[in-house]
Amino acid sequence: KELIASKKYRSAQEALTNIIKTEKSSALAQEAWLLQARALHLQDSQLKAIAELNSFLTRFPRSRLRKRALHLLAQAYHKTKKYKLAARITRGELEEVASDAYRIKLARLYLDLGDQAYRGKEVATRSPGKTRTVRDYQKASGFYTSALAIKVLADLEAPVRMHLAECQAAM
């Protein structure tokens with residue numbers, strides 16, 4: 001990463017190639033492979049970067065780095081004026097974000113954050129050994145409102161509205 005940041009791309013590629021050869025399919029090898037493609041992209045070797053990224057996506061279809069690889073691939077296609085291919089990749093990323101599964105995941109995250117703020121956290125008081133619970137009703141209210149706005153958790157709407165009313169009453 002440091003070699004790429006300092007624009008020493010050839011040295012970076014040599015080091016990354018060695019990591020890929022020795023580490024095979026490990027997480028480190030996957031990251032090295034992606035960094036190697038990025039170095040090629042930054043050197044304006046877009047066709048080589050595209051080849052590396054396609055190889056990466058074929059070899060590691062379920063990699064945790066898949067989204068980063070797709071994003072970099074879309075950039076490389078764009079630089080080579082293959083706009084339709086870049087758009088197809090970008091559209092796929094957007095469809096994933098707009099999917100119900102993603103929206104449910106996001107709504108649940110808002111609910112969890114709202115619940116954390118609603119439950120509060122224990123903080124020490126000036127009295128030794130004593131604590132009190134500090135709740136952030138305004139933050140909880142914001143998260144609950146955001147969760148309701150997504151409109152995908154009909155089964156949880158009533159309890160969330162109840163918490164929201166309690167938060168607003170406490171503010």
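1. Two strands count as paired if DSSP finds at least two bridges between them. Here, strand β1 (residues 121-124) and strand β2 (residues 131-134) pair in the antiparallel sense, over four bridges. Helices (H or I, at least four residues) and strands (E, at least two) are DSSP runs, numbered from the N terminus. Lys-121 sits opposite Val-134 of β2. Together β1 and β2 make a hairpin with six residues between them, and Gly-129 in the turn has a positive phi of about 80°.

2. Some ground rules. This is a predicted model, where local features need pLDDT of at least 70 and side-chain atom pairs count only at pLDDT 80 or more, while totals for chains, interfaces and linings use all residues. Residues are numbered from 1 along each chain as its sequence is written, and side-chain values use heavy atoms, with hydrogens and water left out.

3. Now for helix α3 (residues 27-42). The expected span of a helix is 1.5 Å times one less than its number of residues. For the 16 residues of α3 that gives 22 Å, and its end C-alpha atoms are 22 Å apart, which agrees.

4. Is α3 enclosed or open? Twelve of its 16 residues are buried, so α3 is largely enclosed by the rest of the structure. Buried means under 20% relative accessible area, exposed means over 50%, and partly exposed is in between (1.4 Å probe, protein chains only). Among the buried residues of α3 are Trp-33, Leu-34, Gln-36 and His-41. The cover over them includes α1 (2-5), α2 (9-23), α4 (46-59) and α5 (66-79).

5. Gln-13 is worth a look. This residue is in helix α2 and counts as buried, at 16% relative accessibility. Leaving aside residues up to four places away in sequence, Gln-13 touches Gln-36, Ala-39, Leu-40 and Gln-43 (contact means heavy atoms within 4.5 Å).

6. Most residues other than glycine have a negative phi. Asp-44, in the loop between α3 and α4, has a positive phi of about 65° although it is not a glycine. Asp-44 is exposed, with a relative accessible area of 53%. Lys-81, in the loop between α5 and α6 (83-98), also has a positive phi of about 65°, and is exposed at 61%.

7. On to the inside. A nonpolar core is a set of buried Ala, Val, Leu, Ile, Met, Phe, Trp, Tyr and Cys residues joined through side-chain atoms within 4.5 Å. The largest one has 26 residues, and those with the most contacts inside it are Ile-4, Leu-53, Phe-56 and Leu-73. Elements giving two or more residues to this core are α2, α3, α4, α5 and α6. The largest share, seven residues, comes from α5. Apart from this core lies another, of 13 residues, among them Tyr-118 and Leu-153.

8. Last, the rings. Rings of Phe, Tyr and Trp (its six-membered ring) pair if their centres lie within 6.5 Å; planes under 30 degrees apart count as stacked, over 60 as edge-to-face and the rest as tilted. The count comes to six aromatic pairs. Phe-56 and Phe-60 have ring centres 5.3 Å apart and planes at 55°, so the pair is tilted. Tyr-118 lies in helix α7 (residues 100-119) and Tyr-137 in helix α8 (residues 137-150), so the pair ties together parts 19 residues apart in sequence.
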